[in-house]
Amino acid sequence: KHLNKTGVYFDPLVSNNGCDSIHKLNLIVHPTYHKDISANICRGESYMFNGRELKNSGVYYDTLQTINGCDSIIRLRLNVNPTYLFESTETICDNDIYDFRGRQLNKPGVYYDSLIASTGCDSIYKLVLKTNPTYFFERRITTCDNQPYYFKGEFLTKPGIYHDTLPTIHGCDSIIRLVLTVNPTYL
């Protein structure tokens with residue numbers, strides 16, 4: 001007979017000479033325990049489970065002994081929530097400003113920003129910002145009033161400061177500044 005409950009059990013026995021004997025059993029059944037645990041971590045983190053470092057989603061078991069020597073089982077359901085990395089590379093002219101998630105950037109470099117997802121895990125934004133140069137050229141020209149100077153599709157005869165804007169191969173404006181001096185000629 002299979003016994004699995006605490007109690008007092010009697011089993012009558014008959015000896016070889018026909019005498020009744022009673023076998024008395026005081027049975028104490030100590031409980032075992034089954035405990036279920038659920039945990040969530042973010043990718044890249046670890047979870048310590050009874051001395052083991054866990055990093056992957058799954059179901060894990062550990063068996064422990066109670067004070068009375070009975071096995072107890074702990075079952076862990078571990079969920080690893082994703083984190084995200086959003087990478088981008090942008091190129092601007094060196095006199096422009098780039099809006100990176102509310103930050104105004106104007107220098108080349110690597111920039112980061114993060115936000116916390118609904119699962120509590122960080123998501124990272126990575127920006128590689130590059131800049132193309134703009135140029136500023138200044139020309140100082142002196143001419144005579146009877147020798148017009150050709151600039152920006154015009155023949156200039158009056159002294160002054162003139163500007164022309166030209167795009168570079170990358171589309172960034174370059175500025176040419178002409179400082180024209182006109183000397184008089186005498187007859």
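Contact here means heavy atoms within 4.5 Å. The model is predicted: local features need pLDDT of at least 70, side-chain atom pairs count only at pLDDT 80 or more, and totals for chains, interfaces and linings use all residues. Residues are numbered from 1 along each chain as its sequence is written, and side-chain values use heavy atoms, with hydrogens and water left out.

**Isoleucine 124**
- Isoleucine 124 touches Tyr84, Leu85, Phe86, Tyr112, Asp113 and Ser114, leaving aside residues up to four places away in sequence.
- Strand β12 (residues 122–132) holds isoleucine 124; strands are DSSP runs of E, at least two residues, numbered from the N terminus.
- Isoleucine 124 counts as partly exposed because its relative accessibility is 28%; buried is under 20%, exposed over 50%, partly exposed in between (1.4 Å probe, protein chains only).

**Pairing around β7**
- Strands β3 (residues 34–42) and β7 (residues 71–81) pair in the parallel sense over nine bridges; pairing requires at least two DSSP bridges.
- Histidine 34 stands opposite isoleucine 73 in β7.
- Strand β6 (residues 58–65) runs antiparallel to β7, joined by eight bridges.
- Glycine 58 has leucine 78 in β7 as its bridge partner.
- The β6 and β7 hairpin has five residues between the strands, and glycine 69 takes a positive phi near 85° there.

**Aspartate 164**
- Aspartate 164 lies in strand β16 (residues 160–167).
- Its contacts are Phe151, Lys152, Ser174, Ile175 and Ile176, not counting residues up to four places away in sequence.
- Aspartate 164 is buried but has no salt bridge (a side-chain nitrogen of Lys or Arg within 4 Å of a carboxyl oxygen of Asp or Glu).
- For aspartate 164, the nearest side chain of opposite charge is lysine 152, 4.6 Å away; Lys and Arg count as positive, Asp and Glu as negative, with His and the chain ends not counted.

Note on methods:
Helix = DSSP H or I, 4+ residues; strand = E, 2+ residues; numbered from the N terminus.
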